[in-house]
Amino acid sequence: MESPTREIEEFESTSLKYLQPDQIENIWLRLRGLRKYKKTSQRLRCLVKQLERGEASLVDLKKNLEYAATVLESVYIEETRRLVDTEDELSDIQSDSVPSEVRDWLASTFTRQMGLMLRRTEEKPRFRSIVHAVQAGIFVERMYRRTSNMVGLSYPPSVIAVLKNVDKWSFDVFALNESSGDHALKFIFYELLTRYDLISRFKIPVSALVSFVEALEVGYSKHKNPYHNLIHAADVTQTVHYLLLKTGMVHWLTELEIFAMLFAAAVHDYEHTGTTNNFHIQTRSDTAILYNDRSVLESHHVSAAYRLLQDDDEMNILYNLSKDDWRELRALVVEMVLATDMSCHFQQVKAMKNFLQQPEGIDKPNALSLLLHTADISHPAKNWDLHHRWTTFTLWEAIMGSFRKGAYPNMPQKTEEKAKREQEEQQEATAENQEHKKDPELSGPKEDRGGEDDPEPGGVNGPPEESPHDKSNNEEAHQNLQNGIVFNGIIVTISSVNVAQV
């Protein structure tokens with residue numbers, strides 16, 4: 001018995017046998033989105049052989065099974081939709097999709113006029129070739145329908161409920177992240193590409209799209225940032241969508257420019273380190289050296305995101321773009337992401353004011369860059385609950401960055417010197433107090449010391465008596481000091497986002 005892989009290859013060659021060259025060229029672009037089924041079969045069979053030889057690791061087994069499960073879910077959803085469709089398969093087929101020999105045969109068989117025109121001596125197409133031709137016609141039409149309607153990402157009901165508000169200014173991205181199991185970026189990016197019909201327009205394989213966004217989420221979680229993480233990326237992406245929609249700019253832009261905007265928003269802080277550009281420059285990090293101290297983090301974000309696409313074809317969502325479209329999209333994305341550098345803020349605002357005064361209109365790349373920058377810092381303009389939450393995370397991340405080694409060279413030395421000085425003063429006070437207890441005369445006359453029987457507050461015989469309120473506050477402060485770190489009068493608990501004023 002022939003292997004399933006060989007059967008698949010023969011099926012593909014037979015199905016495409018009767019297509020015209022221009023049809024074959026077009027259909028192969030559509031077929032790329034379905035190659036994952038064949039690849040999944042190959043991966044699983046390779047895994048079986050590795051298991052038989054005892055070479056497969058648990059990690060490889062888990063990875064391949066998860067991939068297969070994703071593919072099977074996609075197939076199940078599409079096949080279910082096809083089965084519940086009441087329309088006849090053949091009724092959906094357009095005449096262009098049916099090969100010419102099939103049309104000739106149908107005409108010669110079922111119309112008298114065509115039958116009279118054909119000579120009896122002419123050789124009619126053989127039945128077997130006609131069957132193959134009909135199969136090819138149906139196959140072509142199905143491929144077009146499946147690749148345009150295929151759903152590779154199933155939405156939980158809770159996610160669907162949250163996404164109903166995706167067109168609103170104060171969209172709750174935290175609710176989306178919670179309902180999606182920490183996959184806010186994946187669902188918002190997929191949803192918006194679907195709404196703008198960009199998946200179909202640029203022939204983006206759904207499996208590649210899902211793999212790419214999941215890789216983005218891993219990169220956003222790399223440094224465990226409270227603020228610059230996948231939730232922030234999802235928030236900026238949704239805010240860009242809102243601005244495009246409500247300002248009417250969506251009608252001013254091409255589909256490629258809309259795609260560039262959403263793509264730039266999704267990747268604009270990819271693998272953010274949780275520190276500033278100045279931190280990298282002052283510490284002479286490898287990233288700062290690589291990008292010559294200019295927009296260090298922003299350069300890394302866009303470069304690392306494109307490296308994902310370049311290094312793995314399975315997540316290359318730009319594979320089917322033409323060369324010109326690819327270059328235009330990359331130029332827009334690079335310019336937009338670099339413009340999120342806060343050091344460019346006032347320069348951008350000034351440039352936009354000048355553009356508005358010019359009669360020839362506004363430069364599109366500059367307008368898109370300002371739009372992304374606006375979305376990036378937009379949370380102060382949203383409702384208080386969202387703004388307060390984002391502000392807390394911003395403060396927390398800034399404090400965490402301050403304690404990174406070498407971030408601010410002077411701060412650790414001052415803290416250590418102060419702690420050492422306080423420790424020495426406490427030791428001196430303790431030693432002096434012990435000396436006083438051994439020889440009371442060292443403290444001078446009794447009347448000058450305030451009396452041993454009725455010591456004054458602050459005397460050498462002990463600390464002043466504490467009121468119940470002061471005692472409670474001191475105990476709380478002592479507990480906070482044990483659990484956290486004091487930073488400029490603020491106690492920060494490392495285990496969680498817990499900021500309390502001393």
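Analyst: Happy to; we'll look at a helix pair, a histidine and some aromatic rings. Keep in mind that this is a predicted model.

User: Great, helices to start. At what angle do α10 and α14 pack?

Analyst: Helix α10 (residues 184-195) and helix α14 (residues 255-267) pack at about 175°, and their axes are 11 Å apart. Angles over 145 degrees count as roughly antiparallel, so α10 is roughly antiparallel to α14.

User: Nice. Which residues make the contact?

Analyst: From α10 there are L185, F189, L192 and L193. On the α14 side, F259, L262, F263 and A266 take part.

User: And what classes of residue are in that contact?

Analyst: The contact of α10 with α14 has 8 nonpolar residues, with no polar and no charged ones.

User: Switching topic: where is H241 found?

Analyst: H241 sits in helix α13, which covers residues 230-247.

User: Is H241 buried or exposed?

Analyst: Buried: its relative accessibility is 3%, and the cut-off for buried is under 20%.

User: What does the side chain of H241 make a polar contact with?

Analyst: Its partner is the side chain of Y196, at 2.8 Å. If you set aside neighbours within four places in sequence, H241 is in contact with V166, D167, L192 and Y196.

User: Now the rings. How many aromatic pairs are there?

Analyst: The count comes to 13 aromatic pairs. One of them is F202 with F259, a stacked pair with 5.3 Å centre to centre and 25° between the planes.

User: Where do F202 and F259 lie?

Analyst: F202 is in the loop between α11 (198-201) and α12 (206-220), while F259 is in helix α14, so the pair ties together parts 57 residues apart in sequence. Both F202 and F259 are buried.

User: What about F259 and F263, how do their rings sit?

Analyst: Their centres are 6.4 Å apart and their planes are at 75°, so this pair is edge-to-face. F259 and F263 both lie in helix α14, 4 residues apart, which is about one turn of the helix. Both of these residues are buried as well.

User: Last one: which residues do ring pairs link into a cluster?

Analyst: The cluster links F202, F212, F259, F263, Y306 and W326.

Methods:
Residues are numbered from 1 along each chain as its sequence is written. This is a predicted model: local features need pLDDT of at least 70, side-chain atom pairs count only at pLDDT 80 or more; totals for chains, interfaces and linings use all residues. Side-chain values use heavy atoms; hydrogens and water are left out. Axes are lines fitted to C-alpha atoms, for helices over the stretch in contact, and angles run from 0 to 180 degrees between N-to-C directions. Helices (H or I, at least four residues) and strands (E, at least two) are DSSP runs, numbered from the N terminus. Angles under 35 degrees count as roughly parallel, over 145 as roughly antiparallel, 65 to 115 as roughly perpendicular and the rest as oblique. Contact means heavy atoms within 4.5 Å. Ala, Val, Leu, Ile, Met, Phe, Trp, Tyr, Cys and Pro count as nonpolar, Asp, Glu, Lys and Arg as charged, and the others, Gly among them, as polar. Buried means under 20% relative accessible area, exposed over 50%, partly exposed in between (1.4 Å probe, protein chains only). A polar contact is a pair of N or O atoms within 3.5 Å; within protein, one must be able to donate a hydrogen and the other to accept it, and residues adjacent in sequence count only if both atoms are side-chain atoms. Rings of Phe, Tyr and Trp (its six-membered ring) pair if their centres lie within 6.5 Å; planes under 30 degrees apart count as stacked, over 60 as edge-to-face and the rest as tilted.
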